[in-house]
Amino acid sequence: MTLTKKLIISLLTTFIGCLVAGAANNKPALMWIDGEANFQRFSNADSIEYYIDKIASLGFTHAVVDVRPITGHVLYPSAIAPLEKGFDAPFDYLQQFIDAGHRHGIKVLASINVFCAGHNYHDSGLIYSEHPEWASMVYDPRHGIIPITQQKHKYGGMVNPAHPQYQQYIIALMKEIASRYPALDGLMLDRARYDGIQADFSPLSRSLFEQYIGETVVNFPDDILTWKKSGGRNHTAVPGKWFGKWIEWRANVIRDFFAEARKAVKAVNPALAFGTYTGAWYPSYYEVGVNFASKSYDPSKQYPSWATPTYKNTGLAELFDIYATGNYYTDIRLRDYHGSEVWNETDSQASQGSWYCVEGSNINLRTIMGGKPFLGGVLVSQFYKSPQKLSDAIAENLRSSDGVMVFDIVHIITHNLWNEISKGMNQTKAQ
C-alpha cells in the first residue's frame, strides 16, 4: 500500500470517527457536580477550568452545578440563605462555572436541593439551627410520629413540602439565583419531593389534607396507613381508608409548588430553563409524592392500588424544559434483566419488573411522558466493580432516551473512570 493510500485511509478513519462521536453526542449530555462532594476541589478556579474543558472534550453539553447542598446552606453570596460551613472559595463559585462553561460551549445549570435542609449524619443545616419548625414529621414504624432529625439512619433532613412559609422561602431563593446570575442557562430542582411514604404527618399536613377532602380524619394516622411487621426490623405500610386520596393530595402539593416556582423563575428571566431530576422508578415513586408523568397518562389503569382516577391531574411533565430521571440500574438491556429485586433510596420495599433495567425503564418512560423528552440518568458509583457496564449504561441512555445525565463527577475523578465515560459517550449502539 502506498503512503498516499495509507494517508487517505487514515484521514477517512479519523473523519468517520468524528462522525461516530458526533452521532452519539447529538443529544443533551449533563455532567452533575454535586455540592457537598466537590466544593473543596472546585474552590480553585483552575480546577473549574480544567474539568469544564475535560467534559466538553468528551461531548457533554451541560454542567449541573449544585449550589444548595442538603444542609440548606448555599455556595454563593446570598441575602437569604447562610453560606455553607467550610466553603471559602475566593471567587464567585457559580459565576466561575458559568464563565468557564460558556468559554467551552457548555451550558451551566444551577442545582438546588429543594425540600432538604439538613444533614442528618452530622446534625447540621437549617432544620437543626435556624428553622427546626420546617423539619418533616415522619411516621416511623418503631417510634411513631417524630421529627426527621430524630431518624438518625436518614441521610438528608427533609422538610415538609406543604409548609407555606418554607415554600415562599425556597422560591425566593430561586428568584435570587435567577436575578443574580443573568447568564445562567437554567435551574435544576433536586429532592423536590417528600421524604418517603412516612412523610409528612405533621398537624399542618393533617389540617391541609382535611381541607382537601372536606372531612375530618377521625383516626390519624391509621386512616392513612398503618405499619405491619414483615420480618426482622422490616415493616410494610398497610393502606388505610384515606390512603389513595392522601397520595393524590401530596402529589397535588408537589405539582402546585412546581407550577408556582416555574412562574416565579420565568418572571425574573423568561429564557432560564426550568428543570428537575427525579428517580425513574415510577411504580413506587408515588411514595415521595411526585407524579412526573404527563397529564395525558392515567396511572390508575395500571396502578389502581395507589393511583385514584383523578391522580392523573397531578402530572408534572408539561412544566419542565429539562427533565432528567435516574435510571440507576446495573442491568442495562432487557435481555440482561432476570427479575432481580431493586431497592431504591426512597422505596419502602423492594421492587422488580421491566422498569428496573435501563432499556426497560426508557421504554416505560416513553409511555408515561406523553411525548415529552427525558434524559436517562447514570449513577457512576454503582459501577466501581464493573466499569464496562458504566460505558454501556451511558450508551443505552443515549440510544433509547433523549440524552444522558451522569452523576457525579467526584466518582469519575476519584476512581479514574474517564476512559469508561469516553467509551460510553462514543458508542453508537449498546453492546
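Q: How do the side chains of E345 and R193 meet?
A: They meet in a salt bridge, at 3.7 Å from N to O; the term stands for a side-chain nitrogen of Lys or Arg within 4 Å of a carboxyl oxygen of Asp or Glu. E345 is in the loop between β12 (322–326) and α9 (358–368) and R193 is in the loop between β8 (186–190) and α6 (203–213), so the pair ties together parts that are 152 residues apart in sequence. Helices (H or I, at least four residues) and strands (E, at least two) are DSSP runs, numbered from the N terminus.

Q: What kind of model is this, and how are residues numbered?
A: This is a predicted model, in which local features need pLDDT of at least 70 and side-chain atom pairs count only at pLDDT 80 or more, while totals for chains, interfaces and linings use all residues. Residues are numbered from 1 along each chain as its sequence is written, and side-chain values use heavy atoms, with hydrogens and water left out.

Q: What is the mean pLDDT of the protein?
A: pLDDT is the predictor's confidence in each residue, from 0 to 100. Here the mean is 92, and 93% of the residues reach 70 or more. Over residues 1–24 the pLDDT is below 50, and this stretch has nine contacts in the model beyond near neighbours in sequence. Contact means heavy atoms within 4.5 Å.

Q: Is E345 buried or exposed?
A: Buried means under 20% relative accessible area, exposed over 50%, and partly exposed in between (1.4 Å probe, protein chains only). E345 counts as exposed because its relative accessibility is 59%.

Q: How many salt bridges does the structure hold?
A: There are 17. One of them pairs R206 with E210 at 3.3 Å, N to O. An α-helix has 3.6 residues a turn, so residues three or four places apart point the same way. R206 and E210 are separated by about one helical turn because they are four residues apart in helix α6. R206 counts as partly exposed, at 27% relative accessibility. Elsewhere, salt bridges that share partners join D190, R191, R193 and E345 into one network.

Q: Which residues have the most contacts inside the largest nonpolar core?
A: A nonpolar core is a set of buried Ala, Val, Leu, Ile, Met, Phe, Trp, Tyr and Cys residues joined through side-chain atoms within 4.5 Å. The largest one has 146 residues, and L94, M174, I177, L184 and Y282 have the most contacts inside it. Helix α7 (residues 243–268) gives the largest share, twelve residues. Leaving aside neighbours within four places in sequence, L184 touches several residues, including L94, I98, I177 and L272.

Q: Which peptide bond is cis, and what is its omega?
A: Most residues other than glycine have a negative phi, and most peptide bonds are trans. The bond from A199 to D200 is cis, with omega near -10°, and D200 sits in the loop between β8 and α6. Another cis bond joins F407 and D408, with omega about 10°.

Q: Where does a residue other than glycine have a positive phi?
A: D123 is one case, with phi near 50°. D123 lies in the loop between β4 (116–119) and β5 (137–140). N416 also has a positive phi, of about 50°.
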